[in-house]
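These are my notebook entries from one sitting with a single chain. I wrote down each thing I looked up.

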Amino acid sequence: MDALLTPVVDDDGAPFWEYAARGELRVQACAAEDCGKLRFPPRPCCPHCGSFASEWRPMSGRGRIWSYVLPHPPLLPAYAAQAPYNAVVVELADAPRIRLVGNVVDGPTAPLDSVDPGRLRIGAPVRAVFCPDPSGVTLVRWLLER
């Protein structure tokens, strides 16, 4: 079976993936005293104040489905084998302007097709789980909250 796509870790985003490997969801924030705004995706300079000072703030790992899609063929072979699956955009509960892309699954290591697409709803509460990937990157996935 072909491999699934994995994120490319760059210098700006490396801390995100390092925290994920520890089971922590963190978001980059401006460390300038008069700014402090969160930003995602990570980047070297704050888009609000221009500061190069940054820090990584812990998030609760809770959010809600802001949008989702159920991809239809033609798909890459590794994904076609797991259809139907979902790709979601999750808005973080403690940072509503921050949205992460992932998949809703039944468990951290469950396959992408482990959740019936009929269970997905815009606004549904979710929480982050962490899935070690064979590529060495720990992926952030989402569980539906009950």
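**Entry 1: surface and overall form.** Before I looked up the surface, I noted that accessible areas come from the Shrake-Rupley method with a 1.4 Å probe. I also noted that this is a predicted model. I found an accessible surface of about 8100 Å² for the protein chain, and 54% of this area belongs to carbon and sulfur atoms. I then looked up the elements: the protein chain has two helices and eight strands. Along the sequence they follow the pattern α-β-β-β-β-α-β-β-β-β. The radius of gyration is 16 Å, close to the 15 Å given by the globule rule for 146 residues, so I put the protein chain down as compact as a globular protein of that length. Its C-alpha trace spans about 50 × 30 × 25 Å along the principal axes. Buried residues make up 42% of the 146 residues. Of the contacts with a separation of 6 or more, 54% are between residues 24 or more positions apart.

**Entry 2: helix H1.** How many of the eight residues of H1 are buried? I found six, so H1 is largely enclosed by the rest of the structure. The buried residues of H1 are Ala14, Pro15, Phe16, Trp17, Tyr19 and Ala20. I looked for what covers them, and the cover includes E1, E3, E7 and E8. Just after H1, I noted Gly23, which takes a positive phi of about 80°.

**Entry 3: the nonpolar core.** In soluble globular proteins, nonpolar side chains tend to be buried together. Here I looked up the largest nonpolar core, which has 27 residues. The members that touch the most other members are Leu25, Leu92, Val104, Val140, Trp142 and Leu144. Helix H1 (14-21) gives two or more residues to this core, and so do the strands E5 (87-92), E6 (95-102), E7 (125-132) and E8 (138-144). I followed up Leu144. Leaving aside neighbours within four places in sequence, Leu144 is in contact with Ile65, Val104, Val115, Arg119, Leu120, Ala124, Pro125 and Val126.

**Entry 4: a three-stranded sheet.** I found an open sheet of three strands in the order E2-E1-E3, with antiparallel pairing. Strand E2 (38-39) and strand E3 (54-58) are the edge strands, each pairing on one side only. Strand E1 (residues 26-30) is joined to E2 by two bridges. For Ala29, the bridge partner in E2 is Leu38.

**Entry 5: cysteines.** How many disulfides does the structure hold? I found zero. Cys30 is in no disulfide, and the nearest cysteine sulfur, that of Cys49, is 3.6 Å away. With a relative accessibility of 1%, Cys30 counts as buried. I then checked Cys35. Its closest cysteine sulfur is in Cys46, at 3.7 Å, which is too far for a bond; the cut-off for a disulfide is within 2.5 Å. Cys35 has 22% relative accessibility and counts as partly exposed.

**Entry 6: a loop residue.** Where is Asp94? I found Asp94 in the loop between E5 and E6. At 36% relative accessibility, Asp94 is partly exposed. Asp94 and Met59 are 35 residues apart in sequence, but their C-alpha atoms are 6.6 Å apart in space. Apart from neighbours within four places in sequence, Asp94 is in contact with Met59, Ser60 and Arg62.

Key. Residues numbered from 1 in each chain as written. Predicted model: local features only at pLDDT ≥ 70, side-chain atom pairs only at ≥ 80, totals over all residues. Heavy atoms only, no water. Buried < 20%, exposed > 50% of the residue type's maximum accessible area, 1.4 Å probe, protein only. Core = buried A, V, L, I, M, F, W, Y, C linked by side-chain atoms within 4.5 Å. Helix = DSSP H or I, 4+ residues; strand = E, 2+ residues; numbered from the N terminus. Contact = heavy atoms within 4.5 Å. Pairing = 2+ DSSP bridges. Rg over C-alpha atoms; globule rule 2.2 N^0.38 Å.
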